[in-house]
Amino acid sequence: MRIIAVLNQKGGVGKTSTAVNLGGALARQDRRVLLLDLDPQAHLTYSLGIMAHELPRTMGAALMRECPLDAVTMEVGPLKVVPASVALAGTEVDLASATDRETRLRDALSRARDYDFAIIDCPPNLGMLTLNAMVAAGELLVPVQPEFLALQSLGKLMETVKAIREGWNPDLALSGILMTRYQRTRKLNREIRRKIKDYFGDALLETTIRDNISLAEAPSFGKDIFTYKPRSHGAADYRNLALELLRRGAP
Ligand SMILES: Nc1ncnc2c1ncn2[C@@H]1O[C@H](COP(=O)(O)OP(=O)(O)OP(=O)(O)O)[C@@H](O)[C@H]1O
Ligand SMILES: [Mg+2]
């Protein structure tokens with residue numbers, strides 16, 4: 001099983017869109033996909049039309065070892081999903097004083113055997129939940145928007161990844177940096193892409209996700225892009241991302 005954490009401490013860069021639609025794309029390549037919502041904003045959960053506030057138990061219960069991951073896993077079309085709710089913010093506080101607090105997600109996932117991919121949607125910070133994702137994951141997928149400040153947050157993220165490799169998870173790999181909301185006609189977008197390419201080389205994925213209104217609309221319908229607008233640029237780009245990650249294999 002490839003465990004991919006979709007991570008960037010910068011907010012609004014396309015983490016949730018990437019987790020949902022990469023998951024959707026892989027499922028349509030007949031891969032068994034588990035999506036995990038590790039963000040108290042619960043955007044992934046709501047993006048898939050799951051009413052988290054009506055559920056008795058979600059991600060937080062599994063992290064607090066009140067139940068196994070299976071007990072909070074739902075079926076949504078071709079995907080399996082572990083939803084989150086705002087209660088996850090409280091869980092993060094409770095975890096701070098718990099034993100094995102950094103390895104809760106890794107332990108929970110170690111018993112999940114029926115999947116080819118587990119994709120974790122992280123919150124926009126480097127707190128305890130994100131730490132759990134970095135300890136559990138084999139790979140990081142880092143969406144970035146083509147703006148100047150993206151470079152600065154990438155630098156900070158790479159420092160954190162280095163610390164995690166030296167401590168909790170020596171095998172943590174960077175499966176890729178993904179440009180999102182990319183507009184090729186904009187000079188700044190092309191320049192930022194070139195800078196990232198110069199610095200990160202092959203870690204910059206060939207696939208870029210274009211700015212696409214259908215991707216922004218899909219969450220309000222509770223659907224991934226393949227159900228909402230299968231012929232959109234967004235669907236084509238996320239399909240290409242899935243194919244590129246399959247072609248490259250686990251890093
Ligand atoms: N390629 C795209 N084209 C157009 N809009 C996009 C694209 N990708 C994401 N969006 C929109 O941009 C906003 C931020 O995206 P998203 O929620 O995926 O980012 P995020 O990194 O998960 O945010 P947060 O840090 O708050 O968790 C959302 O409204 C989303 O619908
Ligand atoms: Mg998000």
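How far apart do the end C-alpha atoms of residues 1–173 lie, and what percentage of the span is helix and what percentage strand? I began my notes with this question, and I keep in mind throughout that the model is a predicted one. The end C-alpha atoms of that span lie 14 Å apart, and I read 39% helix and 17% strand within the span.

I then traced the strands and found an open sheet of 8 strands with mixed pairing, in the order β3-β4-β2-β5-β1-β6-β7-β8. β3 and β8 (204–210) are at the edges with a single partner strand each, so each has one side without a neighbour in the sheet. From one strand to the next, I get a twist that averages 25 degrees.

Helix α1 (residues 15–27) touches β1, β2, β4, β5, β6 (139–144) and β7 (173–182), and the direction of α1 makes about 165 degrees with that of β5. Helix α11 (residues 233–248) touches β1, β5, β6, β7 and β8, and here I note an angle of about 165 degrees between the direction of α11 and that of β8.

In which sense do strands β2 and β4 pair, parallel or antiparallel? I find that β2 (residues 33–37) and β4 (residues 79–82) pair in the parallel sense over 3 bridges, and that L36 has V82 of β4 as its bridge partner. β4 also pairs with β3 (residues 74–76), but here the strands run antiparallel, again with 3 bridges, and V76 has L79 of β4 as its bridge partner. β3 and β4 form a hairpin with 2 residues between them, and in the turn I noted that G77 has a positive phi of about 55 degrees.

**Entry on helix pairs**

I first took α1 with α11, whose axes are 8 Å apart and whose packing angle is about 70 degrees; α1 and α11 are therefore roughly perpendicular to each other. On the α1 side I listed S17, T18, N21, L22, A25 and L26, and on the α11 side Y238, R239, L241, A242, L245 and L246. Sorted by class, this contact of α1 with α11 gives 8 nonpolar, 3 polar and 1 charged residues.

What angle do the axes of α4 and α6 make where they cross? The axes of α4 (residues 87–95) and α6 (residues 128–136) come within 9 Å and cross at roughly 80 degrees, and α4 and α6 are therefore roughly perpendicular to each other. In this contact L88, E92 and L95 of α4 meet M128, L129 and N132 of α6, and I count the residues as 4 nonpolar, 1 polar and 1 charged.

The last pair I looked up was α7 (residues 148–166) with α8 (residues 187–200), which pack at an angle of about 25 degrees with axes 10 Å apart. Angles under 35 degrees count as roughly parallel, and α7 and α8 are therefore described in that way. I recorded the crossing of α7 and α8 as right-handed. The contact is made by F148, L151, L154 and M158 on α7, with I192, K195, I196 and F200 on α8. For the contact of α7 with α8, I noted 7 nonpolar residues, no polar ones and 1 charged.

Key
Residues numbered from 1 in each chain as written. Chains lettered and ligands numbered in written order. Predicted model: local features only at pLDDT ≥ 70, side-chain atom pairs only at ≥ 80, totals over all residues. Heavy atoms only, no water. Pairing = 2+ DSSP bridges. Helix = DSSP H or I, 4+ residues; strand = E, 2+ residues; numbered from the N terminus. Axes fitted to C-alpha atoms, helices over the stretch in contact; angles between N-to-C directions. Parallel < 35°, antiparallel > 145°, perpendicular 65-115°, else oblique. Left-handed = near helix turned anticlockwise from the far one by under 90°. Contact = heavy atoms within 4.5 Å. Nonpolar A, V, L, I, M, F, W, Y, C, P; charged D, E, K, R; others polar.
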